Amino acid sequence: MKYTSTRDVDGRVSSFEDAILKGLADDGGYFVPLEIPRVSIETLERWSKLNYKELAFEVCSMYISEQELSRDELKMLIEKSFKEGAFTHKDTVGMQTLDTPLKNGTQVHVLELFHGPTLAFKDMAMGFLVNLVDHFLTKRGEHRHILVATTGDTGPAAAYASQGLKSVDCWTLYPKGLISERQERQMTTIVAGNVHAIGVSECPLGGDSLDEVVYALFADKELTDKVPLGSVNSINWGRILVQLVHYFYAYLHLVRTHTVQLGEHVVFSVPTGGFGNSLAGALAKQMGLPTTPIVCATNANDAFDKLLHTGVFHKQALNVSVSSAIDIVIPYNFWRYMYISLGRDGARVREWVCVSGCF
């Protein structure tokens with residue numbers, strides 16, 4: 001599987017390894033696979049018998065060439081990333097069914113994605129992505145500085161996953177005063193020489209202000225020629241890739257427990273900030289997972305809701321809320337969704353990025 005940029009107009013392609021290590025494409029766009037693989041009902045039936053780690057292997061294998069990462073290496077990285085002890089649930093994730101259905105009789109099931117080391121959803125993909133970065137860098141004999149802009153949960157997950165690795169220095173930037181004390185302590189109390197937590201004041205757009213800083217650093221060729229940079233924010237395709245897994249797992253868990261029939265459609269509802277998790281759900285649907293369009297829930301920072309209802313994509317003032325992890329002004333992963341939905345028209349995406357000012 002090769003990868004291209006959401007802003008590509010020249011037909012350039014990149015390897016999976018380059019997409020992971022660069023984070024952003026050279027033209028400033030986001031990496032996406034050249035094609036979305038399809039999954040048949042027969043394959044879903046076979047997958048329904050797998051545990052979480054086995055399923056992660058099957059899903060990730062569809063997007064990673066065996067020439068770049070052998071199947072044994074992929075299994076090793078998945079096992080390392082979701083090892084017992086780091087994740088406290090025996091199945092990595094849990095599933096609960098609410099006692100009371102909705103008014104229309106619909107049964108509600110809740111997928112628990114908080115059993116990882118920092119008790120946040122971001123643990124689901126971060127460990128694998130950081131281990132993947134470490135694997136490729138170690139093979140190359142290289143070292144990189146990983147930049148992480150966080151609104152509270154990405155930073156701790158990245159810091160935990162990176163601690164002690166010789167191939168990376170992890171720099172977590174967080175908006176001072178705009179995340180919880182617990183999240184701040186999860187970053188600032190790690191005793192590891194390669195993890196650096198930096199509280200940044202005067203961030204009018206919260207984490208989005210830091211995203212702009214990180215984006216500018218990546219665009220500074222003079223800097224990147226001297227200091228090799230990387231990112232494990234959801235600008236990195238690796239995060240989206242692993243987030244595909246829990247959609248398939250949730251559906252197949254319901255099939256395995258005879259809650260739904262194989263092929264029966266379900267509705268996924270997810271909170272959305274940067275649109276990474278929602279994008280993964282939309283891609284899972286394109287792959288063949290029987291689901292209706294994803295229901296995206298926002299807080300007061302409703303740029304995505306306004307985009308869908310008005311067709312206007314623009315920055316707006318930050319509303320500080322109790323759900324700080326999704327206090328995000330620009331749902332930047334939406335550009336990936338737009339690129340694929342537009343028939344992979346990089347020229348149009350370039351134009352709309354410039355017009356909207358939303359990078």
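Q: What share of the contacts in the chain between residues at least 6 apart in sequence joins residues at least 24 apart?
A: The share is 70%, where a contact means heavy atoms within 4.5 Å. This is a predicted model, in which local features need pLDDT of at least 70 and side-chain atom pairs count only at pLDDT 80 or more, while totals for chains, interfaces and linings use all residues. Residues are numbered from 1 along each chain as its sequence is written, and side-chain values use heavy atoms, with hydrogens and water left out.

Q: How do you know that the radius of gyration of the chain agrees with that of a compact globule?
A: The rule for a globule is 2.2 Å times the number of residues to the power 0.38, with the radius taken over C-alpha atoms. For 359 residues a compact globule would have a radius near 21 Å; the chain has 19 Å, and therefore the two agree.

Q: What makes helix α6 largely enclosed by the rest of the structure?
A: Helices are DSSP runs of H or I with at least four residues, and strands are runs of E with at least two, numbered from the N terminus. A residue is buried under 20% relative accessible area, exposed over 50% and partly exposed in between (1.4 Å probe, protein chains only). Of the 9 residues of α6 (residues 154–162), 8 are buried, so the helix is largely enclosed. The buried residues of α6 pack against elements including α5 (123–140), β6 (168–175) and α10 (237–256).

Q: Why is the aromatic pair of Phe 82 and Phe 87 called tilted?
A: Rings of Phe, Tyr and Trp (its six-membered ring) pair if their centres lie within 6.5 Å; planes under 30 degrees apart count as stacked, over 60 as edge-to-face and the rest as tilted. The whole structure holds 17 aromatic pairs. In the pair of Phe 82 and Phe 87, the centres are 5.4 Å apart and the planes stand at 50 degrees, which is tilted. Both Phe 82 and Phe 87 are buried.

Q: Why is the aromatic pair of Phe 275 and Tyr 337 called edge-to-face?
A: The angle between the planes is 75 degrees, with 6.1 Å centre to centre, and so the pair is edge-to-face. Phe 275 lies in the loop between β9 (269–271) and α11 (276–287) and Tyr 337 in helix α13 (residues 334–341), so the pair ties together parts 62 residues apart in sequence.

Q: Why does Phe 275 count as buried?
A: Phe 275 has 4% relative accessibility and therefore counts as buried, whereas Tyr 337, with a relative accessible area of 30%, is partly exposed.
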